[in-house]
Structure formats: structure tokens, C-alpha cells
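I opened my notebook today to look up a few things in a structure, one entry at a time. Here is what I looked at.

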Amino acid sequence: MKLVDKCKEGRLHYGWFIVIACCAIYGGTMGVGYNCIGLFNAAIAKDLGMTISGFSSTNIFIGASSAFMLLFADRIFKKYDVRAVLCIAEFLYALSLALRAVCTQYWQFALINIVNGAACSFLFYVPVPMLINAWFREKASTALSISAISSGVIGAVFNSVLGSVIAAKGWREAAFLNGLVCALITIPLTFLLVRKTPEEMGVRPYGAEKEDGRTAPASPKTEPTEAVKVWTISREKKAKLASAFVLAFLVFVLSTCVQQMAHYAQVNGLSVTAGATLATAGMLGNMGGKFLMGGLFDRIGTRKTLAVSFTMAAVGTLMLAFLPHAPLFILYAAIALAAMSAGNNVITMPIVVGSFSDGDEYITFMSKVTVGTMIGTAFGTYISGALYDLTGSYVFEYTLYAALTFAALFMALAIIGKKGNTQ
């Protein structure tokens, strides 16, 4: 109650506590879970005697399950208590990570990934932008980038930790640790800090007082509105929604190169430890890229920021393609640049969707667009593994990814238009 009173008195704004909770959500799920999946793919495939693409195909079940659940995500978030939905999803996600430790067959990993995907639909991409948009009238890009950075920070640290545990004790012990840490990071802070709207606490969104020059109390809590009917929107918005859906799929697939560092190191004669440090460098690039993007959005605008981030990702991917035997410090720089693709995935899509929607419409559109992301989850790592298995080299795959990165840039610029949202 003291915290609420301080927020109402204007001594600090509760929106920044929402950012802390969002950091826990992204850091504990994307950072500890998704950003470390590459270490497990290589280790489990080797232990079970499977190809990388063969084992990575279990991720199809993550994407399929998540895409299905996302059809209902916006309605569930509007109808039920957000804390309860998030805490249940976090528990199931952590459990799915830990249960890998007891799996011995393909179908078991597939079954666990169905649970993992269902939880993902309520944790990745939709809730954090939803909360940030509700709590911030200004500095929304900064708040979103700070939240997104947590996945890179925790991913960087935990990639090294898990790499060491896998090398010393095996991937099963690392899998159990993976799930435990996920639960400890996410559930307590979500339960303690998350509130869906400022109205629930009787305060105004951050920066709202500058809109009217006064610090009036928050408006009364309103009841949730009916879900936006996609078929009732304008033809222009339908076209942008469809384009954003394709863009989300493409951007996610491009971001999977960061997950391949353990195998990339292995086929290029580097040690397991080197592979783990490359993954860590990728997480640092992930973190730095999101921080850079957040600052650039507020300073130079959306279009220039997108040009910078996508170009850096393409350059890094080309360096990985053509300089696989370069000194490690060159490879560290390459993967750090390529990891900008992860920032494009987490930050660019909310910005792109926000350029043609807001309010309840934004929540509905973001959940639909995220279906594209989850289809990318289903097939992204499989596509990456299959391209390597087909060619026996990362040269073709990463060159193709660099070209597609520029294609994604032009698609994003076309969606936001000449007067794209600069928030």
C-alpha cells in the first residue's frame, strides 16, 4: 500500500515497476528458455544419434500449439486477471523446460513442446507490449527496449552457465536447472507487480499529465470491450495486418541463426566452450541491439532505426557465412551484429503493428501477427537445420538469410509508410 500511495503522490511512477515485471517475463522465458535452446538442440541430437534438423523438427509442435492458442489469447487477456494468466503460463513453460531432463524419445519431446508452445502464446510478444502500451504515454519505446534487453542479458549469462553445466554434467542436469531458474525469475515478480492498467491502481499512465498539463486522478476502471472483429476493419488495415503476419514469420526465421552457434562452432573445428561463448556474444549483441534500437526510435525515428538494425543484422550474418575460420574476436563481432535480428523480432513487430492500430485493436492485431511468429517458431529451426543438412555448409544459408533480411526491411518500411509511428 505504501508503494501505491507513493505512486499516487507522484514520487515515482508505477509504470517502471511494470517494466521490472516485464523484464522478468522476457528474461525468465525468452532469456532462460528460447535464447538457450540452441545449446540443447546440439547436445540432445548428438546424444540421441539424430541430425540437427531431425531433432529440431520437434519445434514444429511448439509453433503449432502456440499458433492455435494465440487465436484465443486476446480474449483471454481481456476476460481474465492478467496476473493469473501469466503465472499459470510461466509455471507450465518452466515445467516444460525441466521435463526435458527425463525424455528419451522423440515423441516425448514433441509432447512437452506442445505444452511449451501453449504457454509461449501467453508469454512471448503479446503481454509485454500490451502492458507497456497501457502504462506509458511517452517513453514507450524506451520501456519496451529495457524490457526486451533483459532476455539478452539473462540469455548471455545463462548460455555460459548452461554450456558449462552441459560440458561438466550433461544436458539432462542442465535442462532441470533451466526450468527451475525460469520459474524463480518469472512467477514471483509477475504475481507481486503486474497490474493490467493504471486505472486498477487509481493512477494515470506515465506521461499522461503532459497531454493536458495537469495531474488529475485516473479515470474510473472500465469494463473490457468486445474483441475487435478483424473482418470489420478497413481494406488498408487488412493488407497491413496480412503483411505484418508474413513479416513476423520471416523475421523470426532469420533470428534462428543465433541459436545455431553450438553447431556452427562444432562444424568449424571450435570447442564446445567456444560455441557457448559465441552464443553468449550473440546474447550480448541481442541486448546491445535492443538498447540501441530503443534509443534510436526516440531520437531518429522509426524508418531510420529499422534501416540501421536490419542492415547490421545482414552484415553480421554475411560475416558468419564467409569468415568461419576468422579469429574468435571477429566471430564474436559477427554474431553480435547478426543478433540484431532478435531485436527486430521483439521490438520491431510491436512498433510495426502499433503504426496502424491502438487500444483493443492493437491487442487483437498483435495476437494475430504473433501467430506468424509462432509458425516461424515451428519451422524456423527446422528450416535452418535442413538448409545445413542439404548443403553441408552455413555459407549458402547465411547468405540467403542476409538477402532476406533486406527484404524484411523493405517490407517493414512499406507497412509503416512514410509517416510511420516514431514512438
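**Entry 1: a leucine to start with**

In which helix is the place of Leu189? I found Leu189 in helix 10; a helix here is a DSSP run of H or I of at least four residues, a strand is a run of E of at least two, and both are numbered from the N terminus. Before going on I noted that this is a predicted model, where local features need pLDDT of at least 70, side-chain atom pairs count only at pLDDT 80 or more, and totals for chains, interfaces and linings use all residues. I also noted that residues are numbered from 1 along each chain as its sequence is written, and that side-chain values use heavy atoms, with hydrogens and water left out.

Leu189 counts as partly exposed because its relative accessibility is 32%; buried means under 20% relative accessible area, exposed means over 50%, and partly exposed is in between (1.4 Å probe, protein chains only). Setting aside residues up to four places away in sequence, Leu189 touches Ala21, Ala24 and Val194, where contact means heavy atoms within 4.5 Å. I also looked up Cys87: it is 102 residues from Leu189 in sequence, yet their C-alpha atoms are 9.6 Å apart in space.

**Entry 2: the whole chain**

I stepped back and looked at the overall numbers. The chain has 19 helices and 0 strands. It has 423 residues, and 57% of them count as buried. I then took the contacts between residues at least 6 apart in sequence, and 81% of these join residues at least 24 apart.

**Entry 3: helix 2 against helix 10**

The axes of helix 2 (residues 15–31) and helix 10 (residues 171–193) come within 8 Å and cross at roughly 155°. I wrote down that axes are lines fitted to C-alpha atoms, for helices over the stretch in contact, and that angles run from 0 to 180 degrees between N-to-C directions. Helix 2 and helix 10 are therefore roughly antiparallel to each other; under 35 degrees counts as roughly parallel, over 145 as roughly antiparallel, 65 to 115 as roughly perpendicular, and the rest as oblique.

On the helix 2 side, the contact includes Phe17, Ile18, Ala21 and Ala24. On the helix 10 side, I found Cys182, Ile185 and Leu189 among the residues. By class, this contact of helix 2 with helix 10 has 10 nonpolar, 4 polar and no charged residues. For the classes, Ala, Val, Leu, Ile, Met, Phe, Trp, Tyr, Cys and Pro count as nonpolar, Asp, Glu, Lys and Arg as charged, and the others, Gly among them, as polar.

**Entry 4: helix 9 joins in**

I checked helix 9 next. The axes of helix 2 and helix 9 (residues 140–168) come within 7 Å and cross at roughly 35°. The contact of helix 2 with helix 9 divides into 10 nonpolar, 7 polar and no charged residues.

How do helix 9 and helix 10 cross? Their axes come within 8 Å at roughly 150°, and that makes helix 9 roughly antiparallel to helix 10. Among the residues in contact are Phe158 and Val161 of helix 9 and Trp171 and Glu173 of helix 10. By class, I have 11 nonpolar, 1 polar and 1 charged for helix 9 with helix 10.

**Entry 5: cysteines**

How many disulfides are there? With a disulfide being a pair of cysteine sulfur atoms within 2.5 Å, the count comes to 0. Cys23 is in none, and the nearest cysteine sulfur, that of Cys22, is 7.3 Å away. Cys103 counts as buried because its relative accessibility is 2%.

**Entry 6: other places**

I looked up helix 8 (residues 127–135), which is mostly covered, with 7 of its 9 residues buried. Pro127 and Trp135 are among those buried.

Ala402 is in helix 19 (residues 394–416), and Ala402 counts as buried because its relative accessibility is 3%. Beyond residues up to four places away in sequence, Ala402 touches Ala314, Thr317 and Leu318.

Last, I found Leu323 in the loop between helix 15 (302–322) and helix 16 (328–338). With a relative accessible area of 38%, Leu323 is partly exposed.
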